[in-house]
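Please load the model in your viewer and keep a selection panel at hand. The stops below go from one selection to the next, with a short account of what is there each time.

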Amino acid sequence: MKKERIACVVTRRNAAILNLREELEQMGYDCLICYLDSYTQTHSYWKKKLVELVGRNRWEWKHYLNDLQEAILQRILAYQPQKVLFINLGLTETRLRRIGAQAQIIFWHVDPVRNLPEETLVRVGGYPIFVYDVESQQYLQSRGVSATYCPVGYNRSYGRPEHPVAKDIDISFIGSPYKKRLEILEPLAQAAEEHGWNFQVFGPFFETRYFWKRLVFRIRYPHLSRHLTNGSMTSEEIAAIYHRSKICLNLHGNGSNGVNPRTFEVLASGAMELIDERGDYDVLQPGKDVAVFTGIDNLVQQVEWYLAHEKARQEMAQHGYEKIHDMRSMQRCLQTLLGG
């Protein structure tokens, strides 16, 4: 039997985070991944600075985007998929119509949608739209656009280890340096030094190609810099850190009031998770499936308490794992999106 063909239009970063190709192929689909990265994502630091100075409407930027979209259109038309999944992104209205004439188009927004321009809402409003948080669903509905809630689940890289792993990290954090996160991580790093905790932070906090970036970061965040391993990580590397951590800290920084995809990744790995207070916890029960803190002082208190109570950590990790293991896998998400 011929496999159903799925084309995905996505940035390289999101394709890697979601592990799209492997997940879709494991589900039995034939898969085409088309990368739609912005000008500033694909060009050098100095090129990016030039774009910032002269503005996004300069001819070079416009020609880059037009040429890239046209190339993606031609690849999709030649591939002849049954379905095309756009993640956060879209093409021009004319190009979408050409694709829609031969395939079902589906949009999945895995970031907040409140800043989408009006013309984008009009352009995508006629297609099935899925959003990763309830707040985005409510926002779109208030604008007359129907949307379905479909959170971003964990991919198969995140799983409990087959054999026990030594918990040599007291508390870990993995992520990008949003301002809100930095405001929490710096004082927490100072508290970790005072308490003697093994606190480890991982993520692309500054560009290593430019020596002054590291220097500026150390000046601004003297405590945090001593606990930071700077750089991007694979899903497998991230999962290994979760396995070694007594407490996995998850801080939200993109403006949504719901839980982020990392919430499910941590729990799927079998780790205990501590998150900042949310307006919506999806299927999770605070205090049972995840621990929740309300400020830096409360965060330090909870870290201190949970590090002293191993059984409580283990019970919470087990509750969280059981709650999301079947409900929030990436395979389940893709089945929702694609109707499989």
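Start by selecting H227 together with the residues it touches, which, not counting residues up to four places away in sequence, are A189, A192, E193, F199, Q200 and V201; contact here means heavy atoms within 4.5 Å. Before going on, note that this is a predicted model, in which local features need pLDDT of at least 70 and side-chain atom pairs count only at pLDDT 80 or more, while totals for chains, interfaces and linings use all residues. Residues are numbered from 1 along each chain as its sequence is written, and side-chain values use heavy atoms, with hydrogens and water left out.

H227 sits in the loop between helix 11 (222-225) and strand 9, where helices (H or I, at least four residues) and strands (E, at least two) are DSSP runs numbered from the N terminus. With a relative accessible area of 14%, H227 is buried; the term buried stands for under 20% relative accessible area, exposed for over 50%, and partly exposed for what lies in between (1.4 Å probe, protein chains only). If you display the side chain of H227, you will find that it reaches the backbone oxygen of F199 at 2.9 Å.

Next, select the open sheet of six strands, whose order is 9-8-7-10-11-12 and whose pairing is parallel; two strands pair if DSSP finds at least two bridges between them. Strand 9 (228-230) and strand 12 (291-293) stand at the edges with a single partner strand each, so one side of each has no neighbour in the sheet. From one strand to the next the twist averages 25 degrees, with axes taken as lines fitted to C-alpha atoms, for helices over the stretch in contact, and angles running from 0 to 180 degrees between N-to-C directions. Zoom in on strand 8 (residues 199-203), which pairs with strand 9 in the parallel sense over three bridges, and pick out F202, whose bridge partner in strand 9 is T229.

Now move to strand 1. Which way do its side chains point? R5, A7 and V9 point one way from strand 1, whereas I6, C8 and V10 point the other way, and all are buried. In a regular strand the side chains alternate between the two faces of the sheet. Since six of the six residues of strand 1 are buried, the strand is largely enclosed by the rest of the structure. Strand 1 pairs in the parallel sense with strand 2 (residues 30-35) over six bridges, and I6 stands opposite C31 in strand 2. Strand 1 also runs parallel to strand 3, to which four bridges join it, with C8 opposite L85 in strand 3.

From here, select helix 16 (residues 330-338) and colour its buried residues, M330, C333, L334, L337 and L338. These cover an arc of only 115 degrees around the axis, which puts them on the same side of helix 16; the arc is that of the directions from the helix axis to the C-beta atoms. Among the elements that cover these buried residues are strand 1 (5-10), helix 1 (12-18), helix 2 (20-26) and strand 3 (83-87). Just after helix 16, G339 takes a positive phi of about 75 degrees.

Finish with the salt bridges, of which the structure holds 14; each is a side-chain nitrogen of Lys or Arg within 4 Å of a carboxyl oxygen of Asp or Glu. Select E70 and R95, whose side chains meet in one of them at 3.1 Å, N to O. E70 lies in helix 5 (residues 59-79) and R95 in helix 6 (residues 93-100), so the pair ties together parts that are 25 residues apart in sequence. E70 is partly exposed at a relative accessible area of 29%, whereas R95 counts as buried at 10% relative accessibility. Within helix 6, select E93 and R97, whose closest N and O atoms are 3.4 Å apart in a salt bridge; being four residues apart, E93 and R97 are separated by about one helical turn.

Technical notes. Polar contact = N/O pair within 3.5 Å; in protein donor to acceptor, adjacent residues only side chain to side chain.
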